[in-house]
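User: I am new to this structure and would like a short tour. Could we look at it together?

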Amino acid sequence: MINIQNIARDITWIGASDRRISRFENLFPLTRGVSYNSYLLKDEKTVLFDTADATVARQFMDNLEAAMEGRDLDYLVILHMEPDHCALISAVKERYPGLTLVGSMKALQFVDQFHPALKDLPRMTVKEGSVLETGSHKISFAAAPMVHWPEVLFAYDDVNKALLSADAFGTWGAIDGSIFMDEHDFEKEYLDDARRYYANIVGKYGPQVQAVLKKAANMDIQMILPLHGPVWRQDLGKFIDLYQKWSTYTPETEDIMIVYGTLYGNTGSAAMAASARIHEKTGKAVHVFDVSETDVSYLIDAVWRCGKIVLFCPTYNNGLYPKMETFLHDLTALGVQNRTFALAENGTWAPAAAKLMRAELEKLKKCTILDNVLTIKSTLTDEAALDAFTSAIAEA
Ligand code: FEO
């Protein structure tokens, strides 16, 4: 069944949602699916902005054909060459063989890598400041390298004052009903997915996101058309402010998170006792995660929310509990900044986890690691030590 929506003058959303997907990039668990957005501009010239993922090929091609209403496609603009958006370039070319590919030099290079059979397709290289005139619309391009790949471009339509923002300002979660975010409850329906998507997919590239936010500040933007999730046409400042926070690694809230690993429950029990003491002393919300039970992408999401992070880790084979090691690896890989860490370790004969965690966390910029370490020998019985540890966290 055709599912397209006119979203602005001459622009139709022709994307599709995949609700069967269980892991994005075969890595991040999804519970509410994802949309792959694609936008068609029908002016004197016709311009398709990005395609979609192979899993939604049939819906996407049906949508495209219906939206085209028998016209030929002049341009296929590639804002982002990752396969969740570029998988259907060949299919589009088969249907509209007269099209010209438009993209950054790197995007067109990636086209050859992903789709070697398209080498002879006419192409137009665009870059920062390039303008594509389509009749009554002028589409200008801005480079957005590493948001989320190096070839990424943003496009700006002067008629609708619409920013086509590639992966930026996107979210996981399929489109339910309205394509417009202002007809949803963003905080209830999408914020957690939007943050988890940002932190895990783009989180490493805060400085690059900052650079494009500075460019965007000089544009008159009335709409944001991302590649995933609903379109923004109201309260844009709300999402832009969040991006400002997230990309500067500023904790979104004053909440505190505790992550524990536990083999037999003793370290977990200590972590939960600490959570009550920390809440008593701070009045702040404390979020507790069992590192074995929680996919690391949700832990990373919580890191972007919380300013203080308390780690409870057993010593395991003279090293770190493996799931905790994975979490720490992600923290350093994503270049987390501006956080305060507190460390608790457990070891029946030779506790070593605090020292090992500290060595990992010292790789992070602008982070504080509290000196007060809670060392547990098998079970926590020292109430005074727990009090001192949680007071240090509260006062940090
Ligand atoms: Fe939605 Fe970086 O691709």
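User: Which residues of β14 are buried on one side, and which on the other?
Analyst: This is a predicted model. In it, Leu153, Ala155 and Asp157 are buried on one side of β14, while Phe154 and Tyr156 are buried on the other.

User: How many residues of β14 are buried?
Analyst: Five of its five residues are buried, and the strand spans residues 153-157.

User: In which sense do β13 and β14 pair?
Analyst: Strand β13, residues 138-143, pairs with β14 in the antiparallel sense over five bridges. Within this pairing, Ser140 stands opposite Tyr156.

User: And how many bridges join β14 to β15?
Analyst: Three bridges join β14 to β15 (residues 162-164), and these two strands run antiparallel. Here Tyr156 stands opposite Leu163.

User: What do β14 and β15 form?
Analyst: They form a hairpin with four residues between the two strands. Lys161, in the turn, has a positive phi of about 50°.

User: Changing topic, what is the strand order in the open sheet of seven strands?
Analyst: The order is β1-β2-β7-β8-β9-β10-β11, and the pairing is mixed.

User: Which strands stand at the edges, and why is one side of each left without a neighbour?
Analyst: The edge strands are β1 (5-8) and β11 (123-125). Each has a single partner strand, so one side of each has no neighbour in the sheet. On average, neighbouring strands of this sheet are turned by 25° against each other, direction ignored.

User: How do β10 and β11 pair?
Analyst: Strand β10, residues 100-103, pairs with β11 in the parallel sense over three bridges. Gly103 stands opposite Thr125 in β11.

User: Which strands does helix α1 touch?
Analyst: Helix α1 (residues 57-68) packs on the sheet and touches β2 (11-13), β7 (39-42) and β8 (46-49). Its direction makes about 15° with that of β7.

User: And where does α4 lie?
Analyst: Helix α4, residues 105-114, lies across β9 (75-78), β10 and β11. The helix runs at about 145° to β11.

User: One last topic: which residues make the nonpolar surface patch?
Analyst: Leu263, Tyr264 and Tyr316 make a patch of about 360 Å². Tyr264 is placed in the loop between β17 (256-260) and α8 (266-282).

User: Why does Tyr264 count as exposed?
Analyst: Tyr264 has 75% relative accessibility, and a residue counts as exposed when that value is over 50%.

Note on methods. Residues are numbered from 1 along each chain as its sequence is written. This is a predicted model: local features need pLDDT of at least 70, side-chain atom pairs count only at pLDDT 80 or more; totals for chains, interfaces and linings use all residues. Side-chain values use heavy atoms; hydrogens and water are left out. Two strands pair if DSSP finds at least two bridges between them. Axes are lines fitted to C-alpha atoms, for helices over the stretch in contact, and angles run from 0 to 180 degrees between N-to-C directions. Contact means heavy atoms within 4.5 Å. Buried means under 20% relative accessible area, exposed over 50%, partly exposed in between (1.4 Å probe, protein chains only). Patches are made of residues with over 30% relative accessible area and no salt bridge: like charges are joined within 9 Å, nonpolar side chains (Val, Leu, Ile, Met, Phe, Trp, Tyr) within 5 Å. Accessible areas come from the Shrake-Rupley method with a 1.4 Å probe; for residues, only the protein chains shown count as cover. A salt bridge is a side-chain nitrogen of Lys or Arg within 4 Å of a carboxyl oxygen of Asp or Glu.
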